[in-house]
Amino acid sequence: MRLCHVTVTPHASDEHTRIDRPSRRDVVLAYVALTKPRIIELLLLTTVPVMFLAQQGVPDLWLVVATLIGGTLSAGSANALNCVVDADIDQKMRRTARRPLPRHQVGTQAALKFGLILGVLSTAWLGLTVNWLSSALSLAANVFYVVGYTMILKRRTTQNIVWGGAAGCFPPLIGWTAVTNELAWTPILLFLVVFFWTPPHFWALAMRYREDYAAADVPMLPSVAPSAEVGRQIVRYTWATVLTSVLVWPVADTGWFFPSMAILLGIVFLLEAYDLRARARETEELSIIKPMRLFHFSNAYLALLFVAAAIDPFIG
C-alpha cells in the first residue's frame with residue numbers, strides 16, 4: 001500500500017493571529033509606554049533636589065527611594081489615565097500616534113484599570129512610607145491633571161497648559177513635605193517656578209506640532225494664534241520664571257550658589273526666548289523660528305536650576 005505524504009498548512013487566519021500576537025516583552029513595554037517615562041524623569045528631577053534643600057544636606061536614603069517610588073507610580077497613573085481620555089485625539093497627531101492605545105497594543109479598559117491601580121498604589125505607598133501630606137498632594141496632582149487639565153481645560157481654552165500645567169508643579173511640594181511633613185514658602189515658590197516655566201516650555205513644543213493640534217481640534221495657543229503672539233507670551237512667562245527663581249534665594253536663605261545659577265541660567269533662558277520672539281515676528285516658517293531650540297534648552301534650564309538647589313546646601 002502506497003503512503004501519501006501530506007503537508008498540513010496552517011489556516012491563513014491562524015497564521016496571522018500567531019504573527020500578530022505580542023510577546024510578553026511587548027506587552028510590558030506597552031504598559032510602560034502608557035506611563036510616559038520621559039515625563040516622569042522630569043517630574044522626579046524637581047522632587048529629589050528639593051528634598052536636599054529641605055534637609056539642608058543629604059536626606060535619608062530610604063525616604064528618597066520611597067518618595068521616588070511613590071512619585072513614579074503617581075505620575076504613571078496620571079499619564080496612563082491621560083492616554084485613556086485622549087485616545088481619540090492621540091491617533092490624529094504625529095507626536096502621539098505611536099502611543100499604545102492608538103496602536104491597539106493595550107485595550108482601553110485595561111489601560112483604565114492600570115491607571116487606577118497605579119493611583120491607588122501610589123496614594124497608599126506614599127501615605128504608609130513617607131507621610132499622608134505628601135500622599136494627599138500627590139493624589140491632588142493626579143486628579144487635577146486627569147480631570148482639570150485633560151478632561152476640562154485641554155479641549156476648551158487656549159490657556160489649557162497655563163492652568164492645567166499646575167499639576168506638574170506639585171513635585172517640589174511633595175519633595176519638601178516628604179522631608180519636613182509641612183508646607184512652607186520655599187516649596188511654594190519652587191511650585192511657581194515650574195508653573196511659569198511650563199507655558200514657554202510646552203508652547204515651544206506645540207509650535208512644532210501646531211498642525212497636529214489643529215487637526216485634533218485642540219486649541220493649544222500655537223495652533224490658534226500667530227507665532228508672533230506666541231513668542232510674546234513665551235517672553236512674558238520666561239520673565240516670570242526667572243524672577244520667581246531669584247526670589248527663592250531670600251525666602252529659602254540659600255547660599256551664593258543657587259542665586260548665581262538662577263541668574264546665569266535665567267539670562268540664557270531669556271536670550272533664547274527673545275531670539276524666538278524675534279524670529280517669530282518675521283515669519284510663520286518653523287524652520288526659521290526653530291521652536292525646538294527653546295524647548296530643549298528649557299528642559300536643561302529646569303534640570304540645572306533644581307540641581308543647583310540640591311548642591312547649594314553643600315557650597316553656600
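Analyst: Happy to! Let's start with S135: not counting residues up to four places away in sequence, S135 touches T123, L126 and G127. Keep in mind that this is a predicted model.

User: Where does S135 sit, and why is S135 called buried?

Analyst: S135 lies in helix 8, which covers residues 132–153. Buried means under 20% relative accessible area. S135 comes in at 1%, so S135 counts as buried.

User: What makes S134 buried?

Analyst: S134 is in helix 8 too. The cut-off is under 20%, and S134 has 0% relative accessibility, so the label is buried. Leaving aside neighbours within four places in sequence, S134 is in contact with L126, I174, T177 and A178.

User: How do you know that S134 and T177 make a polar contact?

Analyst: Their side chains are joined at 2.8 Å. A polar contact needs a pair of N or O atoms within 3.5 Å, so 2.8 Å passes that distance test.

User: What makes P172 buried?

Analyst: P172 is found in helix 10. With the limit at under 20%, the 0% relative accessibility of P172 means that P172 counts as buried. Setting aside neighbours within four places in sequence, P172 is in contact with T46, V50, P187, L190, F191, V194 and F306. P172 and V50 are 122 residues apart along the chain, yet their C-alpha atoms are separated by 5.9 Å.

User: V50 belongs to the buried part of helix 4. Why is helix 4 called largely enclosed?

Analyst: Count the buried residues: 6 of the 8 residues of helix 4 are buried, so helix 4 is largely enclosed by the rest of the structure. Those buried residues are V48, P49, V50, M51, L53 and A54. They pack against helix 3, helix 5 (61–85), helix 10, helix 11 (185–208) and helix 17 (291–315).

User: Why is A97 called partly exposed?

Analyst: Partly exposed runs between the buried limit of 20% and the exposed limit of 50%. A97 has 27% relative accessibility, so A97 counts as partly exposed. A97 lies in the loop between helix 6 (87–90) and helix 7 (108–129). Beyond neighbours within four places in sequence, A97 is in contact with D90, Q91, P102 and R103.

User: How do you know that D86 and K154 form a salt bridge?

Analyst: A salt bridge asks for a side-chain nitrogen of Lys or Arg within 4 Å of a carboxyl oxygen of Asp or Glu. The closest N and O atoms of D86 and K154 are 2.6 Å apart, so the pair qualifies. D86 lies in the loop between helix 5 and helix 6 and K154 in the loop between helix 8 and helix 9, so the pair ties together parts that are 68 residues apart in sequence. D86, at 0% relative accessibility, counts as buried, and K154 counts as buried at 9%.

User: What makes D86, D88, K154 and R155 one network?

Analyst: Follow R155. R155 forms a salt bridge with D86, with the closest N and O atoms 3.3 Å apart. The side chains of R155 and D88 also meet in a salt bridge, at 2.9 Å from N to O. R155 lies in the loop between helix 8 and helix 9 and D88 in helix 6, so this pair ties together parts that are 67 residues apart in sequence. Salt bridges that share partners join D86, D88, K154 and R155 into one network.

Methods
Residues are numbered from 1 along each chain as its sequence is written. This is a predicted model: local features need pLDDT of at least 70, side-chain atom pairs count only at pLDDT 80 or more; totals for chains, interfaces and linings use all residues. Side-chain values use heavy atoms; hydrogens and water are left out. Helices (H or I, at least four residues) and strands (E, at least two) are DSSP runs, numbered from the N terminus. Buried means under 20% relative accessible area, exposed over 50%, partly exposed in between (1.4 Å probe, protein chains only). Contact means heavy atoms within 4.5 Å. A polar contact is a pair of N or O atoms within 3.5 Å; within protein, one must be able to donate a hydrogen and the other to accept it, and residues adjacent in sequence count only if both atoms are side-chain atoms.
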